[in-house]
Every structure is written in C-alpha cells, then in structure tokens.
Amino acid sequence: MNRVDFLDHIKGFNDFWDIVVIGGGATGLGCAVDAASRGYKTLLLEMHDFAKGTSSRSTKLVHGGVRYLQQGDVSLVIEALHERGLLIQNAPHLVSHQSFIVPSYEWWNGPFYGVGLKVYDALAGKLGIKKSENLSKEKTLEKIPTLEPKDLRGGVMYYDGQFDDSRLSINLAQTIADEGGYPLNYMKVTGLKKNGNGFIEGLQARDMLNGEDYKINARVVINATGIFTDDIMKMDEEKHENIIQCAQGIHLVLDKDFLPGESAIMVPHTDDGRVLFAVPWHNKVIVGTTDTPIEKPALEPVAQEEEIEFILRHAAQYLTKNPSRKDVKSVFAGLRPLVKPPDVKKTSDISRSHHLQVSESGLVTIAGGKWTTYRKMAEDTIDRAALVAGLEVKECPTKDLRIHGWLKNVDRQDHLFVYGSDKVALQKLIEEDESLGEQLHPDLPYIKAEVIWAVRNELAQTIEDVLSRRTRALLLDAKASVEMAHEVSRLLAQEFGKDESWVEQEVKEYKQVAKNYILE
C-alpha cells in the first residue's frame, strides 16, 4: 500500500466510485473489504489513522459474549459465536483460542455458570472451540497460581477467541487493496454532495497531511464512523437527532507475573454489573473493563480516576498479588458507539447488536455492533448499499475470504507472528540491512525493520501510527514507547525525506498523546 499512488489514482479517477465508505475502524474496513471483494469500485476514507478510535482499544477478545447470554440476547450470542468461528478460519495468524476460568467463591456459582457455559458451547455449533469443564479448587489454582485462594471452591473453564485488534485493522486495509479497493487514512470528509433531487452523489474530503481538497463522486456513501456517526448524519440532515451514546471502557496493562499461566480470568459480575477480564496478551496482562457514559466523542479519551481505582480494586479481590498504580504499564481508554434506545438508563444494558438505516438522501449508516461481528455487519451494509445505488447484485464472498497475511501455523513465541505471511518480507529487509534487526527498546521486542515496513507497506505516517497501532508499544509499556519515539521518528524522517525539526515536532506531539497512557 502506497499513499502517494492511491492519491494519484483518486486524482485521475474521472468516474463514479460504486461505494465510498467513511470511517476506517472495524466496521468501515469490513464494509470496504466486502464491497471490493464483490468487485465494486471501492474507496475508503479515514480522517485519522485506521483503528485510531474504538477499534484499537478493545479487550482484544473475539467472543460471543457470555454477558449477553446472561442478559438473554441469545440471537446476538449465536451470531457472534458463528462470526468468531469464521474469523479464526480467515485470520488464523491473528486470532487464537484462549482459555478462560470463571472462579467460584459461592457454592451456587459453579453449577450456575457451568450450565450457562454448556449452553454457550452448544450455541457455537460446528464452529465451536473446546467444550467447557468444571475444575476443582486444586486444578483452578494449578491453572492460575496467582488467583486468590481464600473461599475458592473451584472454577469453570471455557474457551473463546483472542486477537490483536489494530493489527487486524491493518490487514483489513491491505485486503481492501488486494481486492482492488483504495483505503486512505488522514482524509477527512468535510461535506456531502447532493444532486438537484436531494440525493447524495458524492462528497468533499481534505487531505489532513497537506490540506489539499478533493471532490469525489459516489453512487452510494456509507457512514461507518463509530462514535462520530452523528456528525456525518448532521452533514446529511441538519435537524438530525443523535442516536449514539458513547460508553467509555478502560483497560490497565500489567506485567505477566500478575497472571503467569496461559488462562485468562473472567469475573461475571462486578459491582457495576459488568464482566471483568484479566487476559494474557503479548506477554503482558490486560485487565478491564468499565462502562462509563460519556457525553461527547473524543479521538483520545482519557481514563477517569474512579475507573482506574475500580479496576485496581477488583483485580486485588481476585489476585494474590495486588496491583498498584506503579505496576500499571499503560492505561488506555476507548469509547463504545452504542445506539441508544430511549428507555434504557444504563449503558451496560444497551444491546451490542448493530443498527442499519438509510436516510431520505440515500446515506447508508451502520452503527453499533462489536468487533466480533464486523464481517456480518459489513455484509448486511453492502447488501443494502448495493440496492440504494442500483448496483449489480453480487454474492458476498467474505465468509471464506482469507484476510491479508493469512497463515495457518504461526510461532507465537516470535513477536513477528502478527505479520503472518508478510513476516518473510520483513526478514528479507533485515537480510538486506542487518541494523534493521536491532531492538528499539530493551523492554519490548519491536525492531527497526517494523518501522520501515509500516511506512512502506502499511500506510503509517506518524510515530503514533507506528507505536500505537502497527506495533503495540504504547499499549504494552507507555514509558518505554516514549523512550523509543526519537529513534522511530528518525527512521520515519529517513523514509519521508524530512529534517530534524520535523523529527522534534513529531516526538513532541507523540509525548503529548502518550502522557495520558502513563499513570503517575
């Protein structure tokens, strides 16, 4: 993927795009993959970087949602479990099986959750992973030696999926390009174009890197902008009433010794009624999450003090080694774009099902949903968009579409496994220049070649793109990522032909972002 080439193509394109997607998160990327793979002329525009928002800030789980089963939303669970199975098949280099243990401290917990998780297994059908099983106290502690043993009666072990969210986003962008589409980051939509009859026939966009404006013709426009859904809908209809309720979820990242085994912990009921997870991920442990209503969407949401204390307090209840603020390697916050029904008070009670609508002018809006169901959301959206645009009806091929980087068996001990089949090309870079094999920081596995690769093949433009979403340094160890920033900026400057003042400005801007990930 080369941004300059993509821009040249758009400038020279004197026709109508079949489908233009606004938004480069999970939903938008999924829509563009689906549209391009059906053979439609497809363009995707993202105002910042792919997965900059909610889609890089998840709990890193591809799951049916045990909590939704508890709430009685069986149809969502069935759909999500089916999609989980497809995603494991279509991106095996990024999606893996993860065992979870629900610890039991009350006599009724074991049977209650044991039966519930048997139902969860059954709903997965042929695409299930392994069957859940009841564990004795001894077996539970063998699996999770740092689990609080006092009053522990045993546990239930079940299986779900785990993944790297922003790496999957980048692979989806690459898949769009592989299928003949054009994904572009740092292109902000500034307005919608309508014809004399009031129907949308395109949009205006601005390149956020150089300020250049573009007029783009489209047979249909899809609004897949997550937390910014209402902003695009207001471009279409000034009097539009907001449909999105943002709910913030935060995660704390701890060292692996807080959860040294292979299994994750799932606490099905915290003080606020949410599920709490402690999950091994990239040799660290992610603990979360919260559910805090937020009034206005923000590109860089910030964890609130009460949320941080909530997670530390609950983690201490279940772990023998109580984490404190100084143990937190990184804290990251994400905003869920929930479609609010008028009668629901708590954000944790709002359904995670997706919402699809078409305005009078033909704007197709897809909102809500979750990472696990992104492919099905995209299928439904492109089916509808094709009708709106009057496009030739074509079957959706994404149930079996291998995502860029597809590789069945990867070595998860080697951190380069997330590149899948692209790992070979990365290694070739190192063969050509041995210095690119050097680590960027002693506390993290990332190497210089990954920076070069991110620029040349993954549309990375800034330090933050590289350290937050191409690698996961910012999320895994925020302080270490700041210490890497100057060297990363220097490598970027070499690739882009920039001077030392550009390097210093990039580092300054990155430090400003990273400070919200560091707990003092």
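**Notes on the model**

1. Tyr-186 is buried, with a relative accessible area of 6%, where buried means under 20%, exposed over 50% and partly exposed in between, computed with a 1.4 Å probe on protein chains only. This is a predicted model, in which local features need pLDDT of at least 70 and side-chain atom pairs count only at pLDDT 80 or more, while totals for chains, interfaces and linings use all residues. Residues are numbered from 1 along each chain as its sequence is written, and side-chain values use heavy atoms, with hydrogens and water left out.

2. Tyr-186 lies in the loop between β7 and β8 (187-194), strands being DSSP runs of E of at least two residues and helices runs of H or I of at least four, numbered from the N terminus. Its phi is near 55°, a positive value in a residue other than glycine. Asn-283, in the loop between β13 and β14, also has a positive phi, near 65°, but Asn-283 is exposed, with a relative accessible area of 59%. Most residues other than glycine have a negative phi, and most peptide bonds are trans.

3. A cis peptide bond joins Gly-288 and Thr-289, with omega at about 20°. Thr-289 is found in the loop between β14 (284-288) and β15 (292-294).

4. The whole structure holds 9 aromatic pairs, counted where ring centres of Phe, Tyr or Trp (its six-membered ring) lie within 6.5 Å, with planes under 30 degrees apart taken as stacked, over 60 as edge-to-face and the rest as tilted. Phe-6 and Tyr-182 form an edge-to-face pair, because their ring centres are 5.3 Å apart and their planes stand at 75°. Since Phe-6 lies in helix α1 (residues 3-11) and Tyr-182 in strand β7 (residues 182-184), the pair ties together parts that are 176 residues apart in sequence. Phe-6 is buried at 9% relative accessible area, and Tyr-182 is buried at 18%.

5. Lys-60 lies over the face of Trp-281, at 5.1 Å from the ring centre, and the charged end of Arg-402 is placed over the ring of Trp-406, 3.5 Å from its centre.

6. How many cavities of 30 Å³ or more does a search of the whole structure find? The search finds 5, a cavity being a set of points on a 1 Å grid over the protein atoms alone where a 1.4 Å probe fits but cannot get out, with lining residues having an atom within 4 Å of a point. Grid points are joined across faces, edges and corners, and a volume is the space filled by probe spheres set on the points.

7. The largest cavity has a volume of about 80 Å³, and its lining includes Asp-34, Asn-90, Tyr-374 and Arg-375. The elements that give two or more residues to this lining are α2 (26-37) and α10 (374-389).

8. The second largest cavity has about 70 Å³ of space, and among its lining residues are Ile-265, Phe-277, His-314 and Tyr-318. Here β12 (264-267), β13 (276-281) and α9 (305-318) are the elements that give two or more residues.

Key
On a 1 Å grid over the protein atoms alone, a cavity is a set of points where a 1.4 Å probe fits but cannot get out, and a pocket is an open set with protein on both sides within 12 Å along at least five of seven lines; lining residues have an atom within 4 Å of a point. A charge sits over a ring if NZ of Lys or CZ of Arg is within 6 Å of the ring centre and within 35 degrees of the ring normal.
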